[in-house]
Amino acid sequence: MSNATIAKLLLVALSFCWGLSWTAMRIALDEVSPWGMRLIGYSIGAAILLILLKAQGRSISIPRGRDWLHILIAALFLSVSFGVAGTFAQLMANTSRVIIVNYSMPVWGSLMAYFVLHERINAQAALGLALCVAGLGVLVYPAAEKSMQEPIGLLLALVCALGWGGGTVYMKWARIKGDLLAITFWQVMVGVAAFAIFYLIFEGVPKFEPLQWRTWGGLLFNGILGTGIAYFIWFNIIGRLTTAMASLGSLINPVVGVIGAVIILGDRPTVPDMIGFALIFSAAACVMIPQRAKPPPDPA
């Protein structure tokens, strides 16, 4: 079996790991606090990543110096802000809406890259930004007419997308030395430490109480598949496919996520939801689909 075929199969597996992790988190949040859910999920994910790294004989060491500071700063975007905003967003807004707004991250990432990395915004990216703003307006306006809880939840989902986009751009700018999967492991560990502190501040000393089996299922799915295995699969995909193709394939994730929320959680998207979903999905596709290179002119 060729590398490309294996990578495509891995993309399908990744779409279920990342797409359904949002539904798994929402199920766990019925019994577990946001701080507890993230602490448990990140702890399990870090343990899985460490096992997989050691099983492959890969080092988790990072060169001393500024690289550790860069890892810490990037983790504040990719692990901490993403985890906080994404979790509380699900408590205030419909899960399928949160998923779609979160996956506007490629659009915001390209905009940040313009200012930070001086990457050119082409016509596709500009169109993507316009579609994204329009999609957010379609999702937020009808909800704001009823109450402010849903718009605040969607705003948190947007913060989640901005955090991931900002962290990705920061990683490109910082050029951290070391194994990318090992760097990810340490970023998840920063998340574990941060949420342990948050838990002690807001919840106090942990109290072990019995949980329903579906809650444990949500926690384990999020930790094992949604964090540990998902990151491992992603970096294996990057090694087998071009970045553009891997990024394009990840567009399957929100589709699986929304379908999962509809089937498992009983979400019922409205007509404005479907329009907003289509606009934001199209926006992400505009940014992630590579432009075709123009053929060279025929020699005279």
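Biologist: Is R214 buried, partly exposed or exposed?

Modeller: This is a predicted model, and the value is computed from it. R214 has a relative accessible area of 33%, so R214 is partly exposed.

Biologist: Which side chain does R214 meet in a salt bridge?

Modeller: A salt bridge needs a side-chain nitrogen of Lys or Arg within 4 Å of a carboxyl oxygen of Asp or Glu. R214 meets D30, at 3.5 Å from N to O. The two partners are 184 residues apart, and the pair links distant parts of the chain. D30 sits in the loop between α1 and α2, while R214 belongs to helix α9, residues 213-240.

Biologist: Which residues are linked with D30 in a network of salt bridges?

Modeller: The network holds R26, D30 and R214. D30 also pairs with R26, and their closest N and O atoms are 3.1 Å apart. D30 therefore takes part in both bridges, given the 4 Å cut-off.

Biologist: How many salt bridges does the whole structure have?

Modeller: A search finds 5. One of them joins D179 to R58, with the closest N and O atoms 2.9 Å apart. D179 lies in the loop between α7 and α8, and R58 in the loop between α2 and α3, so this bridge ties together parts 121 residues apart in sequence. D179 is partly exposed at 23% relative accessibility. R58 is partly exposed as well, at 25%.

Biologist: Now the backbone. What is the phi of H118?

Modeller: Start with the general idea. Most residues other than glycine have a negative phi. H118 has a phi near 60 degrees, a positive value in a residue other than glycine. H118 is in the loop between α5 and α6. At 67% relative accessible area, H118 is exposed.

Biologist: And where is R175 found?

Modeller: R175 is in the loop between α7 and α8. Its phi is near 50 degrees, again a positive value in a residue other than glycine. R175 is exposed, with a relative accessible area of 69%.

Biologist: Which residues line the largest cavity?

Modeller: A cavity is a space where a 1.4 Å probe fits but cannot get out. The structure holds 1 cavity of 30 Å³ or more. The largest cavity has a volume of about 40 Å³. Its lining is I100, Y103, L251, P254, I280, F281 and A284. Helix α12, residues 271-288, supplies the largest share, 3 residues. By class, the lining has 7 nonpolar residues, no polar ones and no charged ones. I100 in this lining is also one of the buried residues of α4.

Biologist: How many residues line the second largest pocket?

Modeller: A pocket, unlike a cavity, is an open set of points. In this pocket the lining has 15 residues, and V32, I40, Y199, K207 and F208 lie nearest its centre. The space comes to about 490 Å³. Helix α2, residues 34-55, gives the most to the lining, with 3 residues. The lining divides into 9 nonpolar, 2 polar and 4 charged residues.

Biologist: One last residue. Is L155 buried or exposed?

Modeller: L155 counts as exposed, at 51% relative accessibility. The cut-off for exposed is over 50%. L155 is in helix α7, residues 149-174. L155 and A85 are 70 residues apart in sequence, with their C-alpha atoms 8.8 Å apart in space.

Technical notes: Residues are numbered from 1 along each chain as its sequence is written. This is a predicted model: local features need pLDDT of at least 70, side-chain atom pairs count only at pLDDT 80 or more; totals for chains, interfaces and linings use all residues. Side-chain values use heavy atoms; hydrogens and water are left out. On a 1 Å grid over the protein atoms alone, a cavity is a set of points where a 1.4 Å probe fits but cannot get out, and a pocket is an open set with protein on both sides within 12 Å along at least five of seven lines; lining residues have an atom within 4 Å of a point. Grid points are joined across faces, edges and corners, and a volume is the space filled by probe spheres set on the points. Helices (H or I, at least four residues) and strands (E, at least two) are DSSP runs, numbered from the N terminus. Ala, Val, Leu, Ile, Met, Phe, Trp, Tyr, Cys and Pro count as nonpolar, Asp, Glu, Lys and Arg as charged, and the others, Gly among them, as polar. Buried means under 20% relative accessible area, exposed over 50%, partly exposed in between (1.4 Å probe, protein chains only).
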